[in-house]
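I opened the notebook to look up the overall build of this chain. After that I turned to a single side chain.

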Amino acid sequence: MGNEAIARGAWEAGVRVVTGYPGTPSSEVIMTFHEEGRGLPIYVEWAVNERVAFEIAYGAAIGGVRALVTMKAPGLNVASDPVLSAAYSGVEGGLVILVADDPGPHTTQTEQDSRWYAKLSKLPMFTASTPQEAKDTVKRLFRVSEELKLPVIFRTTTRLNHAVGDVVLGEVEERDARPSFKKDPPRFVRAGMKWNLERHAWLNGVLRRVEEVASSLGFNKVEGSGEYCVVTEGVAYNYVYEALRGLGEARVKVLRVDQLYPVPSKFLAENLSSCRRVIVVEELDPYLEAEVKKLAYEERLGAEVMGKEEGLLPLEGELNPSLVKGALYRWLGVPQGQESTPAADVRLPERPPPLCPGCPHAFSYIALKLGIARAGYKLSEVPVFGDIGCYALSVNRPIEAIWTEHSMGASISMAMGLKVAGYDKPVVATIGDSTFFHAGIPSLIEAVHKRVDMLVLILDNRVVAMTGHQSTPSWEVTESGRQARGIDIVEVVKSIGVDEVAVVDPYDFNKMVETVASMIKRPGVKVLVAQHPCRLMEVRQLKTVKKYRVIEDKCTGCRACVNVTGCPALYIEDGKAKIVEDDCTGCGLCARFCPYKAIVEVGGA
Ligand code: SF4
Ligand code: SF4
C-alpha cells in the first residue's frame, strides 16, 4: 500500500520522530510504524490534533533530527498556523509534512486542494505517482528539506495512499540522531518586524533554489516527443500513461511534474518550447494549468494551453482512466471508436453507510431523540449539531439525528452561535471523545464562559473508531507500548466548570432517555458523557458475545426493529425479520423495539 511505502521510505531515511492525527487516507503511515516498527529507536505516536503533531515534529527538526508528520487535507488547515511560521524559521533536520488530499471526496468534508497551501506558506511541495515512487520520494524529500533548511510538503491523493504495488526496499540510513539546538532569536523568534523581514527575504532566496535541488535529485521527468504536450502530475500521470499506451500516438510528449511548488519553470519552459498544443491533466483545481498558462504567456511559448478551464476535464471529483482518455482523444482530435469502453448501465440500490451493529452511538442518538420528545419538544424544533467522526453516520436513515457536520469541534460553537443569536428552544451539540480532545475543549470553554444554555452530548467510545481504532488521550498504553497518562474526559469537562455533568452508559437505554429528558430542560451548560467502548473493539476483547435471533412465528414483519435501529445485521425477507448471526454483536437494541417480543437472546424463549 502507498502509505506503507511512505512509512518504509521514512524509516530508510533514518526518521526519528513520526507523529500525526488519524485521518483517511493518511492514517496507515503511522499505523504501519506501530505494526512493523516496534522496538525501532523512533518516537511514533498520535497527537491530540494536527497543530500539536506538527509542532512536535517541528521541535525535533529544529534540533537537527529527521521528522515526519502526517495528516489528511483538513488537518493542514488545523496545523496551518505553525506551518506558516515554520517557513520563516526553517529547520536543521529534514521535516516532511505528509498531507493527503481526497478527490472524490471519499471520506472528507471537502475536495480541498492542498497545493494552494504550498503557495500560501511558501513551502516546497512535491508529489509522486506510484507506491514505489512514494517510498523513494519521501526519502529524497528529507534531503531536499535539509539542503534548503525548510520543511517540505509531500502531497498525495487517496489513490496513491491506498494503491497497492510492488516496492523494492532499500537500505536504512545510519544517522547520528542526537538532537542539538543553538539559541538564535532572529531565526526562531517571530516577534520582531526586522527579523521577520530578514527571514522573509531569506525564504524568497531559498525558493529560487528549489528547482535546482529537485532536479539534482531526479524530480520531474519527460517522456516521448512531439508537438502535442501533456503536463501532468501525481496519480493523473498513470491515467495519461494508460490512455496514450492504448492510442499509440507518436506526436505526444509527456511532462510529469513532481515538484508542485514552486513549479519547475525552467524544466517546463525548456520542454514546452517545441510544443504547439498543451493539455494539463491534474486532479481537483486547475492549479498547474494556471501556472503553465502564465508561463506560456511570460515565456512567449506560443502554445495553446488547455485543461479544466476549457471544459476538457471536470473541476470536481476524481479523475479516472476513462475520463482522461476521453479528454486526450478530444484534444488530439482522434475518434474514440472501439477504444472507448461504454459505461455499464447498472443502477445499484442506494445504500447509505450505517452505524455498525451494536454501535453505542446508535443507542445514544435514539435515546437523544426519545429524550427530546419526552421533555415535550418536537424533534423538528431542537437542532442537533453533529461533529466529525463515525457518529456522523447518524445523519442517515433511519436514525437521522444530526442536523450539521461541519469541521472538527464545530458542533459546540455552532450550537452556541444559534443560541446567542436568540434561538428560544433547546440546542444540542454532539461530539466524539477524540474530536472533543482535538478541538472541542476551547468551544466548551467558550460556552461555559458565556453562560450559554445548551446540552452537550459527548460520545465517548474511547477510540478514534472511524479511521481504524487509533488511540485517544484517554489511553494509558499507546500503540507503540508507551506508558501514558490517561486523560479522564469527565475530569476535563468538570475542570472547565460546566453547570452539570452526567455519565451514562448508553446501553443503559432507559437511563439515557431519562437523563436527556431531564437535562435538556434545565438552564446552563450541561454535559452528558455517553460512555461505552466502540462495540467492534469490545467484541474483540470479550471471549463470548451473546447473539439474538428472531422467532419466526412471532414476527409479523412490522419492520419496527429495522426502521428504528438501522442495524446492518438485520434485514427483512419473505415478510419476516432476519438477523445475520455472524454480524450480530448481541447489543439487544432491536429486541427493545420489537412490539411482539419476537427477538430474543439465543437460547431465550
Ligand atoms: S442485537 Fe439486534 S441491533 Fe444488536 S447487533 Fe444484533 S441484530 Fe443488531
Ligand atoms: S419488530 Fe419484531 S415483529 Fe416487527 S419485523 Fe422486527 S422482529 Fe418482526
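**Whole chain**

I checked burial: 55% of the 605 residues in the chain are buried, meaning under 20% relative accessible area with a 1.4 Å probe, protein chains only. This is a predicted model, where local features need pLDDT of at least 70, side-chain atom pairs count only at pLDDT 80 or more, and totals for chains, interfaces and linings use all residues. Residues are numbered from 1 along each chain as written, chains are lettered from A and ligands numbered from 1 in written order, and side-chain values use heavy atoms, without hydrogens and water.

I looked up secondary structure and found 22 helices and 21 strands. These are DSSP runs, with helices (H or I) of at least four residues and strands (E) of at least two, numbered from the N terminus. The radius of gyration is 27 Å, close to the 25 Å of the globule rule for 605 residues, so the chain is as compact as a globular protein of that length. I took the radius over C-alpha atoms; the rule is 2.2 Å times the number of residues to the power 0.38. The C-alpha trace spans about 80 × 65 × 50 Å along its principal axes.

I then sorted contacts (heavy atoms within 4.5 Å). Of those between residues at least 6 apart in sequence, 78% join residues at least 24 apart.

**Glu 146**

I found Glu 146 in helix 6, residues 131–148. Its side chain reaches the backbone nitrogen of Gly 94 at 2.8 Å. Leaving out residues up to four places away in sequence, Glu 146 touches Arg 66, Glu 92, Gly 93, Gly 94 and Arg 175.

Technical notes
Buried < 20%, exposed > 50% of the residue type's maximum accessible area, 1.4 Å probe, protein only. Polar contact = N/O pair within 3.5 Å; in protein donor to acceptor, adjacent residues only side chain to side chain.
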